[in-house]
Amino acid sequence: MSVHEENALREQISILGKSLFDRGLTMGSSGNISVRLDDGGWLMTPTNACLGRLDPARISRLDGQGQWLDGDKPTKEQFLHMAMYAERPQSGAIVHLHSTHSVAVSCLPGIDHCDCIPPLTAYYVMRVGKLPLVPYHVPGDPKLGDAVRGLAGKHSAVLLANHGPVVAGKNLEAAVYATEELEETAKLFLLLRGENPRALSEEQVAELQRRFPA
């Protein structure tokens, strides 16, 4: 990858990070973004960085083994990204947020831990699919990475209990779009609780999966 291409990715991370922050999908210094590079390394947002005020030049660069090469120190949740990438070689980017409605769903009793949100819309099925719940772990606990790794091979998105979503995509735009779709569907799910909403049928979901394979 050329320096020009890497710099373009740094700019894209900063622009999309600011967009997520400005629309309230993450707050303070929460949330992190990573992108896979052609040489097997990664760009990753730094620890304690606000996604709304990223400096492209200070975004962390890691080698193929996840070792920090330059830029600011990478997010302390680096292990979440590495766990997803390890099981998803087809994924080019990952977004992890503490988005309000998704976190709210992760705190609810009685949700299906294998699929936290029902298939309410076609675009949710197409961009997210099934969303398993990862049991609660203290932030920074390496066992959380192990728990994510156990699910990432079958799912492009997981929901961390009392924490937030981790979403992978073929590129950064795809990962951001899927994260936004997840947050909006979580909001719908909360609005419709107690209303017995009509979700898509198994046949309708299967048709979407055939016509729009991940």
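Is E77 buried or exposed? In this predicted model, E77 is buried, because its relative accessible area of 10% falls under the 20% limit. The residue is placed in the loop between strand 4 and helix 2, and, when residues up to four places away in sequence are not counted, E77 touches N32, H96, H98 and H163. A further relation across the chain involves D141, which is 64 residues from E77 in sequence, while the C-alpha atoms of the two are separated by 9.3 Å.

The surroundings of E77 can be followed into one of the pockets. The second largest pocket has a volume of about 210 Å³, and among the 18 residues that line this pocket, those closest to its centre are S29, N32, K76, E77 and H98. Two of these, N32 and H98, are also among the residues that E77 touches. The lining of the second largest pocket is made up of twelve polar, four nonpolar and two charged residues.

The largest pocket holds about 990 Å³ of space. Its lining comprises 35 residues, of which V125, M126, R127, V128 and A214 are the closest to the centre. Two or more lining residues are given by each of helix 4 (122–127), strand 8 (164–169), helix 6 (172–192) and helix 7 (202–211), and the greatest contribution is that of helix 7, with five residues. By residue class, the lining of the largest pocket divides into 18 nonpolar, nine polar and eight charged residues.

Charged side chains form ten salt bridges in the model. In one of them, R61 and E6 meet with a nitrogen-to-oxygen distance of 3.1 Å. Since R61 belongs to strand 3 (residues 60–62) and E6 to helix 1 (residues 3–22), this pair ties together parts that are 55 residues apart in sequence. R61 counts as buried at 14% relative accessibility, and E6 is likewise buried, with a relative accessible area of 14%. Both residues also take part in a network of salt bridges that links E6, R10, D39, R61 and D70.

Two further salt bridges involve partly exposed residues. The closest N and O atoms of D22 and K18 are 2.5 Å apart, and, because these residues are four apart in helix 1, they are separated by about one helical turn. D22 is partly exposed, with a relative accessible area of 49%, as is K18, with 40%. In the second case, the side chains of D72 and R58 meet at 2.9 Å, N to O. D72 lies in the loop between strand 4 (68–70) and helix 2 (78–87), whereas R58 lies in the loop between strand 2 (42–44) and strand 3, so that the pair ties together parts 14 residues apart in sequence. The relative accessibility of D72 is 27%, which counts as partly exposed, and R58 is also partly exposed, with a relative accessible area of 47%.

Note on methods: Residues numbered from 1 in each chain as written. Predicted model: local features only at pLDDT ≥ 70, side-chain atom pairs only at ≥ 80, totals over all residues. Heavy atoms only, no water. 1 Å grid on protein atoms, 1.4 Å probe; cavity = no way out; pocket = protein on both sides within 12 Å on 5 of 7 lines; lining within 4 Å. Points joined across faces, edges and corners; volume = space filled by probe spheres on them. Nonpolar A, V, L, I, M, F, W, Y, C, P; charged D, E, K, R; others polar. Salt bridge = Lys/Arg side-chain N within 4 Å of Asp/Glu carboxyl O. Buried < 20%, exposed > 50% of the residue type's maximum accessible area, 1.4 Å probe, protein only. Contact = heavy atoms within 4.5 Å.
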